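Let's take a walk through this structure together, one region at a time. Keep the 3D view open and follow along.

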Amino acid sequence: MTKPLLEVEDLRVRFHLRTGTVEAVRGVSFQLGRERLGIVGESGSGKSQTGRAILGLTPPPGEVTAKRLTFDGIDLLTASTKTLRQLRGGRISMVMQDPKYSLNPVMTIGEQIIEAYQAHDKSANRKEARDRALAMLEAVKMRDPGRVFALYPHEVSGGMGQRAMIAMMLVTEPDLLIADEPTSALDVTVSMEVLRILDELVAERGMSLIFISHDLKLVSSFCDRVLVMYAGRVVEELEAKHLREAKHPYTQGLMRCLPTLADDVRPLPTLNRDPAWAR
Amino acid sequence: MLDIQKLKVVYGTGRLRVDAVKDVSFHVGAGESYGLVGESGSGKSTVLRAICGLAPISGGRVLVDGKEVKDPRDKAFYRTVQMVFQDPYASLHPRHTVDRTLSEPLAIHGEKDVEARILQALREVGLGPSFRFRYPHQLSGGQRQRIAIARALILRPKVLLLDEPTSALDASVQAEILNLLDELRRKMGLTYILVSHDLAVVAHLCDRLLVMRHGEGVEETTAASLRSGKASNAYTQELIEASRGFSRDETKAASATAP
């Protein structure tokens, strides 16, 4: 592997609250090349905060520290707001969980994609931007791109909205895409369709992908490598295809506690949380 | 125990008319557990809401214990049928303590022995008496859903309508709630109707199920045939495949999912 695209070492995200300091991410380290990395954990494990911290989107009063947080040689912690703004949406973009809350409700889908494109390619005129947006809508398998272009977010279904958001995030041809639970708000069959599109585009364009999800099964079938997070730490890192051989009791427990169609276990094994996992 | 005959639910009129449920029929025997599966908008939750009076019955009949339900539902109905909702963060009153939440159904139905009943209800769902005077924000998601189940069970109903009872919960908490529901049904001889989009959850808890799509029943099948991957209907087959996770070699066009 050549030089990694993203290097994260000892990343910490703290929130100083009235009731004390909460450390949401406690020393996460990983390197990312041209690959699909999955981050899995339950709610409150810090997986989303890890993704947000990379983009500098930690909400105030959050504080981010790290020994090293670099993207393609650029130090993200000391970078100016201007540099960050160029990176965000340009070279690193993020697909959020729910299209209902993440798209601008008073702008048509086409206008939003054009806005994203023009924000990063100032030389592009409107005609070019429009063509790019339409091509992108076609790339995410919209049946009638011209029609969807003129629609408002409330006029499209959840699956279409999520595809529109993927189109918007990929129109600038980023090097790294962070997808934070991109399919949790969607139905199973629709989410498979969205994942297939995402998979194709990532493979075609040679992007790196960070896929954040609570669904261990889904992540292991989609990604190359998986980080399992618990209470703000990475408890286990493994190749997705070796998930069955997971060593950590938390990973094993997470896998076993899901009911499956394949066999009928009852009662379902539950997870006994060992305080030592959180240390 | 519960008979649904050609149930129709229609919202709005004229141009705004939406047929949410179209001629859905099924029968659930006493002590049985029945599942309704489908995507969002398939009308599965609407069926539950129509049974307990939260949605209008525009056609067809709903029979509980052989008797047609009255509109509005009477007290006797709610002694027989209770519902547990999807999101335990939204279905508990944020400014009522657990004690108040649980005592309300008892007060409405003029029950005595409130204190003992509340403590017993807490015990049944695996929570101790220390939870009695807590507010919902002092509970975790799984504990909240336990309280919602306790509230539904406190009147000793025979039928429990479960609307996606675990989809707002983490996987490990989901396992705990599913085990609890399984155990309660065995102990109290309850009848369940479970709505879920997760085939594995339905197969775990139910013996028979109805696959719904666009307001219609597509196929009635059993958990056993789901497990063996047998489905006569193409849509059910698609759901089974989707529940197995993402697969890269799948070349099948996504056209079947489009409306």
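Is the crossing of α8(A) and α9(B) left-handed or right-handed? The crossing is left-handed, a term used when the near helix is turned anticlockwise from the far one by less than a right angle, with right-handed for clockwise. Before going further, a note on the source: this is a predicted model, in which local features need pLDDT of at least 70, side-chain atom pairs count only at pLDDT 80 or more, and totals for chains, interfaces and linings use all residues. Residues are numbered from 1 along each chain as its sequence is written, while chains are lettered from A and ligands numbered from 1 in the order in which they are written.

Now back to that pair of helices. Axes here are lines fitted to C-alpha atoms, for helices over the stretch in contact, and angles run from 0 to 180 degrees between N-to-C directions. Helices (H or I, at least four residues) and strands (E, at least two) are DSSP runs, numbered from the N terminus. From α8(A), Val188(A), Thr189(A) and Met192(A) meet Glu238(B), Leu239(B), Ala242(B) and Ser243(B) of α9(B), where contact requires C-beta atoms, placed from the backbone, within 7 Å. Four of the residues in this contact are nonpolar, two polar and one charged. For these classes, Ala, Val, Leu, Ile, Met, Phe, Trp, Tyr, Cys and Pro count as nonpolar, Asp, Glu, Lys and Arg as charged, and the others, Gly among them, as polar.

Let's step back to the whole interface. Here 29 residues of chain B are in contact with 29 residues of chain A. On the chain B side, α6(B) gives the largest share, seven residues. By class, that side has 13 nonpolar, nine polar and seven charged residues.

Next, look inside chain B. Six strands form an open sheet of mixed pairing, in the order β6-β7-β8-β3-β9-β10; strands pair if DSSP finds at least two bridges between them. β6 (81-84) and β10 (216-222) of chain B are the edges, each with a single partner strand, so one side of each has no neighbour in the sheet. The twist averages 20° from one strand to the next.

Follow β7(B), residues 159-163, which runs parallel to β6(B) and is joined to it by four bridges. Val84(B) stands opposite Leu162(B), and Met83(B) has Leu161(B) as its bridge partner. Five bridges join β7(B) to the parallel strand β8(B), where Leu161(B) is partnered by Ile193(B). Helix α5(B) lies across β6 and β7 of chain B, at about 170° to β6(B).

How values were computed: Two residues are in contact if their C-beta atoms, placed from the backbone, lie within 7 Å.
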